[in-house]
Amino acid sequence: MLDFIEPALFAILTIAIVAAGAGVVLANRITTSALLMAFTFLNIAGMFVLLGAETIAMFQVLIYVGAITVLILYGVMFTPQSPRAYGLFFQTQKYWAALFVVPIAIFVALVAFSFRDSATLGAKGGDLLPLATSVFRDFAFPFEVASVLLLAAMVGAIVLVKRDEE
Amino acid sequence: MPVGPFGIDPVIWAPLRLVIAVLLVVGLVFNGALAQIYLERKIQAIIQDRLGPLHTGPWGLLQTFADAIKLLGKEDIRARLTDKWFFLAAPSIVFSPMLASYVVIPFAPGIVGADLNVGLLYMTTLGSMTVLGIVIAGWASNNKYSLMGGLRSAGQLISYEVPQILSLVTVVLVVGTLSMVGIAESQPGWQLNVLVLPLAFVTYFIAGLAETNRAPFDLPEAESELVAGFLTEYSGMRWAIFFLAEYGEVTVVSSIVTTLWFGAWHGPFVEVFPLIGVLWFTLKTYFFVLVFMWIRATLPRLRIDQLMSLCWKVLIPLTLTNLVVTATLLLVFPSTLVPVAIANWILLAAFVLLLPYVQRRRLVALRERLRTAA
């Protein structure tokens with residue numbers, strides 16, 4: 001009886017993601033773009049919830065909305081606001097963008113359609129345990145490599161922005 | 001045909017339950033804010049040797065109602081050079097995540113909006129979303145002081161999220177679940193988590209003070225430095241929504257503390273009559289709300305560099321040490337929590353005793369440097 005809810009939610013989320021994503025590129029002001037990006041991330045989190053991956057949805061919001069968007073806004077606020085139309089600025093790169101986006105889009109579509117007939121998702125009951133076992137047991141080494149890489153990047157960033165003390 | 005609770009069709013019951021829950025939570029937040037403003041005025045007055053609100057109603061009880069009606073009746077002012085949509089949207093962006101986090105608060109056995117299996121993560125996630133609204137409020141106001149307030153808030157909240165989450169993870173390690181109901185059920189009787197993990201409680205409480213922008217961490221709205229920070233350009237009901245959100249956040253942080261460390265609804269007679277758990281939960285939560293007010297009335301505001309160095313040089317190393325020690329001891333002694341408790345109490349004692357010593361040494365070094373410079 002309630003089967004229509006999931007496709008309906010999926011449709012709403014898809015429309016919101018695509019529309020907000022387009023808005024990020026087309027908006028004239030960078031703050032609008034940043035906020036629309038946060039909105040896109042929120043909707044993607046909703047998508048993860050629909051897929052039964054609540055933990056990933058939570059981390060999506062925690063990191064992308066709570067931290068990365070805020071850092072982008074933080075950067076924007078220190079930049080002087082000019083009346084220049086950012087939308088036009090982005091649109092000068094549209095041929096290059098098309099060149100890169102089209103092959104990626106085809107690849108993603110192919111991958112997505114290859115999953116169509118595969119088995120349905122795992123049992124309900126959350127993705128916390130599978131996520132934890134895969135990150136901390138099965139793929140512990142790649143995970144550590146990634147974290148060391150991130151740490152190195154962070155140290156590098158701190159060294160770059162550190163003022164010389166006399 | 002399936003029949004849900006109270007003989008209502010489940011198709012109707014599901015949205016009906018949502019509506020009832022949202023109305024209950026909105027009522028809870030609004031009335032909680034009214035009560036907390038009254039309590040805050042009275043308690044600050046008692047601490048400062050004054051009487052506080054006295055004339056409106058018995059013991060001044062109606063003062064906050066009068067203020068609320070005044071705020072509702074105020075004209076909705078928006079300065080011409082503000083950024084219209086951002087300015088209008090910011091209060092809602094701050095308010096709605098706070099409202100949404102009431103979903104997973106376990107008030108009593110069976111009285112919870114939804115028993116998410118990632119409930120605690122959900123709450124921290126929503127807590128981290130408020131900063132977006134504050135930053136936007138500061139930017140959209142088109143005012144230097146507001147912008148400073150928003151920037152301070154961003155720096156402060158992102159920094160204090162780290163010790164906050166590390167403290168929560170320590171508890172999750174011990175309890176073994178992220179569900180708020182599961183955490184509440186894991187502490188029957190006197191087996192409160194605060195006896196096992198007192199240091200995590202203290203660090204979380206400090207980080208929670210910063211996360212809710214309460215004194216001594218109220219730098220984003222520091223009235224003596226920044227007029228009113230990100231609130232400067234707001235008035236009337238929009239301003240009130242920011243305050244509702246702040247008091248709601250205080251309640252949320254207090255209820256996280258109650259659930260994680262003080263056994264949520266557990267208390268006498270809960271097994272006989274589960275509804276009394278709401279009373280115990282409310283009493284425990286409001287105790288911590290009162291501690292928030294007590295701290296506000298007694299501690300001076302920190303400077304921004306002190307705020308940052310407290311977070312990055314004290315709290316984060318401390319919580320990381322705590323996490324590593326707890327995890328190691330849990331692996332070494334899987335059957336008992338006593339070693340974890342001992343280690344935690346020792347760390348807490350070290351924290352409390354060493355902090356004044358380190359501060360004094362830093363002061364001496366600072367004076368020395370000033371003397372050589374002069």
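**Exercise 1. Find how far apart the centres of domain 1 and domain 2 of chain B lie, and describe the contact between these domains.**

Solution. 
Step 1. In this predicted model, the centres of domain 1 of chain B and domain 2 of chain B are separated by 22 Å, taken over C-alpha atoms.
Step 2. Locate the two parts: the domain assignment places domain 1 of chain B at 1-73 and domain 2 of chain B at 78-373.
Step 3. Count the residues on each side of the contact. Domain 1 of chain B contributes 15 residues, and domain 2 of chain B contributes 18 residues.
Step 4. Assign the domain 1 side to elements. Helix 1 (10-47) and helix 2 (63-73) of chain B each provide at least two residues to the side of domain 1 that touches domain 2. Helix 1 of chain B gives the most, with 12 residues.
Step 5. Sort that side by class. Facing domain 2 of chain B, domain 1 of chain B presents 10 nonpolar, four polar and one charged residues.

**Exercise 2. Work out the secondary structure of chain B and decide how its radius of gyration compares with the globule rule.**

Solution. 
Step 1. Count the elements: chain B has 13 helices and zero strands.
Step 2. Read them along the sequence. The pattern of chain B is α-α-α-α-α-α-α-α-α-α-α-α-α.
Step 3. Compare the sizes. For 374 residues the globule rule gives 21 Å, and the radius of gyration of chain B is 22 Å, close to that value, so chain B is as compact as a globular protein of that length.
Step 4. Along the principal axes, the C-alpha atoms of chain B fill a box of roughly 85 × 65 × 40 Å.

**Exercise 3. State what share of chain B is buried, and what share of its contacts between residues at least 6 apart in sequence join residues at least 24 apart.**

Solution. 
Step 1. Of the 374 residues in chain B, 44% are buried. The cut-off for buried is 20 or more other C-beta atoms within 10 Å of the residue's own.
Step 2. Take the contacts in chain B between residues at least 6 apart in sequence; 76% of these join residues at least 24 apart.

**Exercise 4. Describe the side of chain A that touches chain B by element and by class.**

Solution. 
Step 1. Count the residues in the contact: chain A supplies 19 residues and chain B supplies 20 residues.
Step 2. Name the elements. On the chain A side, helix 2 (30-50) and helix 3 (54-78) of chain A are those that give two or more residues.
Step 3. Find the main contributor. Helix 3 of chain A gives the most, with 13 residues.
Step 4. Sort by class. The side of chain A that touches chain B consists of 13 nonpolar, five polar and one charged residues.

Terms used:
Residues are numbered from 1 along each chain as its sequence is written. Chains are lettered from A and ligands numbered from 1 in the order in which they are written. This is a predicted model: local features need pLDDT of at least 70, side-chain atom pairs count only at pLDDT 80 or more; totals for chains, interfaces and linings use all residues. Helices (H or I, at least four residues) and strands (E, at least two) are DSSP runs, numbered from the N terminus. The radius of gyration is taken over C-alpha atoms; the globule rule is 2.2 Å times the number of residues to the power 0.38. A residue is buried if 20 or more other C-beta atoms lie within 10 Å of its own, exposed if 12 or fewer, and partly exposed in between; C-beta atoms are placed from the backbone. Two residues are in contact if their C-beta atoms, placed from the backbone, lie within 7 Å. Domain bounds come from an automatic or database domain assignment. Ala, Val, Leu, Ile, Met, Phe, Trp, Tyr, Cys and Pro count as nonpolar, Asp, Glu, Lys and Arg as charged, and the others, Gly among them, as polar.
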